[in-house]
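Me: Got a model open here and want to go through the contact between chains, then some side chains. Can you take me through it?

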Amino acid sequence: MKKEWKMYPGRIPEPDMAKKEQARQKILCEMQQYRMTDIQFICGQIRFVRPYLWVVQMLFWLLVSAGMYRLQSDGMQEYRLYSLIAMVTPVLFVFQIEQFAKIYQQSMLEIELTTRFSLKKLLLARLLIFGTVDLFALAGWIAFWHVGTESDLWRITLYSLVPFNLMVAGLFVLLRFEYSGHYSYIAISYMAVLGGLFDVLARWRPGIYGTENEIWWFAVLLVTLLLGIWSVSVLLKCSMEKGVQNEINFGTNNEMLWR
Amino acid sequence: MKLTLEQTTKCYGDKIAVDHLNTTFENGVYGLLGANGAGKTTLMRMICGILSPTSGAIQYDEQDITSMGEEYRELLGYLPQDFGYYPEFEAKEFMLYIAALKGIPPMMARRKTKELLELVGLSQVARKKIKTFSGGMKQRLGIAQAMLNDPKILVLDEPTAGLDPKERVRFRNLISDVASERIVILSTHIVSDVEYIADQIMLMRGGCIVAIGTVEELVETIAGKVWEVVTDRCNADALCGKYDIINLRHEQDMVELRIACDGKPDEDAQPVTPTLEDLYLYEFRETTEVK
């Protein structure tokens, strides 16, 4: 057996290097085929959004709608209904911002900056996912009040979109200056201030929700739309590798990495 | 496969963190040794493209890493010094998340996650939330995530922090196993972590590489400069005030001192074979004194 064993090295042919290289190229080629595309990446990100988020949002949506519908049925004044819509709309969408802000979790950022899909792409993916959900939710919300109360569709759209845009723009701006790691509290505080503002507006000048002021609301809507677009573009611009690279603080991990 | 640093400098205002560094990394394990603030983390962040050099360049196979972008990041595996995680994520979920960011298709990601969690001994807790993990477990998870994309350049910043001795040995074996055909750069200030596995040791101080070579080559530089002396407490106090003491051990009424100095420190002093730890303490004696 020992003799036979000694004979083996002589019998085994030398590996064909050309074929070895050919096999390597084939594997590389096949691997390229399985490379994740940008679309696959965006779709893949849905898996990492906490499922409870959608459930809580839906429950809240139903609860608020039922409550407001009841109040409206009890003979609530029209301006009050509109002010309530303006107050409540941002709350419906604030749940998602915490999931969005998580990308900027201080200690995760360093890893996210070194992966194939850049931070900008990650942001874009999350924006697309949450944006799409928000779009449907907002459409449902507006349709619900239009059908349920036979109110003017245009006015409901105005009173929903203006606070929504203000919320989006404000939260994205705040996200850029958030260093504490308590973004959820900041977002909730901002939302409360925003809601309070619309309530104060309704109590101070009930006529502001009147048909005669529609044009002003439309003007504000355009401004807030621009604000929203600006805040998103700034957020994306800042997330680009070049913009982020030199913003990492030196030495300590107690400071926010990204600004 | 070659990673080249050419006159790489990084300044933070007036402070120079990395000072005109010139070096080339090829396949193998490189151990960066240095005290806190030596510039190890800054250097690693620059290699990973998180920080851009103030001046100079970093090239991978003669291509600037900044211009390579996604193509370069695909080759990278990085474990930051302060490894972060999403506390409410399970270990497996976290790995899949990082795999998605690294662009690994889901099927391959699941297979690789399973393999790596087994490799780092976390397969039993794959479904447990990370917030319930001990420091060592989190660190092992960090090592696993860095290796998800089978990186050609593996950068590990203080990978053994928080690991117990058994885990350290396991880590060393793991790195030795994966080190072939890739560049592994690991920083630490624990000498034993790199002593056994690093092909090249780089000693960093004040943003510069003060010494580079194999363990044997580096240790050779302080041959004849390390002494051991057993003496009484009174003389020991005098020697402590005069020389850099590498180690001090009390034995009943006597004190055994290990001293690093150019000449014979005491009549009874005996020269001993230096170790990497001796070299480290010799090179960083000023730093440690300040500390």
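**Chain contact and salt bridges**

Reply: Three salt bridges are counted between chain B and chain A, a salt bridge being a side-chain nitrogen of Lys or Arg within 4 Å of a carboxyl oxygen of Asp or Glu. This is a predicted model, in which local features need pLDDT of at least 70 and side-chain atom pairs count only at pLDDT 80 or more, while totals for chains, interfaces and linings use all residues. Residues are numbered from 1 along each chain as its sequence is written, chains are lettered from A and ligands numbered from 1 in the order in which they are written, and side-chain values use heavy atoms, with hydrogens and water left out.

Me: Which side chains meet B:Arg45 in a salt bridge?

Reply: A:Glu110 does, at 2.9 Å from N to O.

Me: How many residue pairs are in polar contact between chain B and chain A?

Reply: Nine, with both residues at pLDDT 80 or more. A polar contact is a pair of N or O atoms within 3.5 Å; within protein, one must be able to donate a hydrogen and the other to accept it, and residues adjacent in sequence count only if both atoms are side-chain atoms.

Me: Which elements of chain B supply the side that touches chain A?

Reply: At least two residues each come from β1 (3-12), β2 (15-25), α1 (40-47), α3 (70-73), β6 (76-79) and α4 (91-101) of chain B. The most comes from α4(B), with seven residues. Helices (H or I, at least four residues) and strands (E, at least two) are DSSP runs, numbered from the N terminus.

Me: And by class, what does that side of chain B have?

Reply: The side of chain B that touches chain A has 22 nonpolar, seven polar and 10 charged residues. Ala, Val, Leu, Ile, Met, Phe, Trp, Tyr, Cys and Pro count as nonpolar, Asp, Glu, Lys and Arg as charged, and the others, Gly among them, as polar.

Me: What area is buried between chain B and chain A?

Reply: About 3,600 Å², of which carbon and sulfur atoms give 56%. Buried area here is the accessible area (1.4 Å probe) that two parts lose on being put together, summed over both. The contact (heavy atoms within 4.5 Å) takes 39 residues from chain B and 34 residues from chain A.

Me: Back to salt bridges. How many over all chains?

Reply: A search of the whole structure finds 19. One of the pairs is B:Arg258 with B:Asp278, whose closest N and O atoms are 2.6 Å apart. That pair links distant parts of the chain, with B:Arg258 in strand β13 (residues 254-260) of chain B and B:Asp278 in helix α11 of chain B, 20 residues apart.

Me: Are B:Arg258 and B:Asp278 buried or exposed?

Reply: B:Arg258 is buried, with a relative accessible area of 15%, and B:Asp278 is buried at 2%. Buried means under 20% relative accessible area, exposed over 50%, and partly exposed in between (1.4 Å probe, protein chains only).

Me: What does B:Arg205 pair with?

Reply: B:Glu283, in a salt bridge at 4.0 Å from N to O. B:Arg205 lies in strand β9 (residues 200-205) of chain B and B:Glu283 in helix α11 (residues 276-283) of chain B, 78 residues apart. B:Arg205 is partly exposed, at 32% relative accessible area.

Me: Where do B:Glu115 and B:Arg111 lie?

Reply: Both are in helix α5 (residues 106-119) of chain B, four residues apart, about one turn of the helix. B:Glu115 is partly exposed at 38%, and B:Arg111 is partly exposed at 48%.

Me: Last one, chain A. How many helices and strands?

Reply: Chain A has 11 helices and zero strands. Buried residues make up 42% of its 259 residues.

Me: And what pLDDT does chain A average?

Reply: Chain A averages 79, and 86% of the residues score at least 70; pLDDT is the predictor's confidence in each residue, from 0 to 100. Over residues 241-259 of chain A, pLDDT stays under 50.
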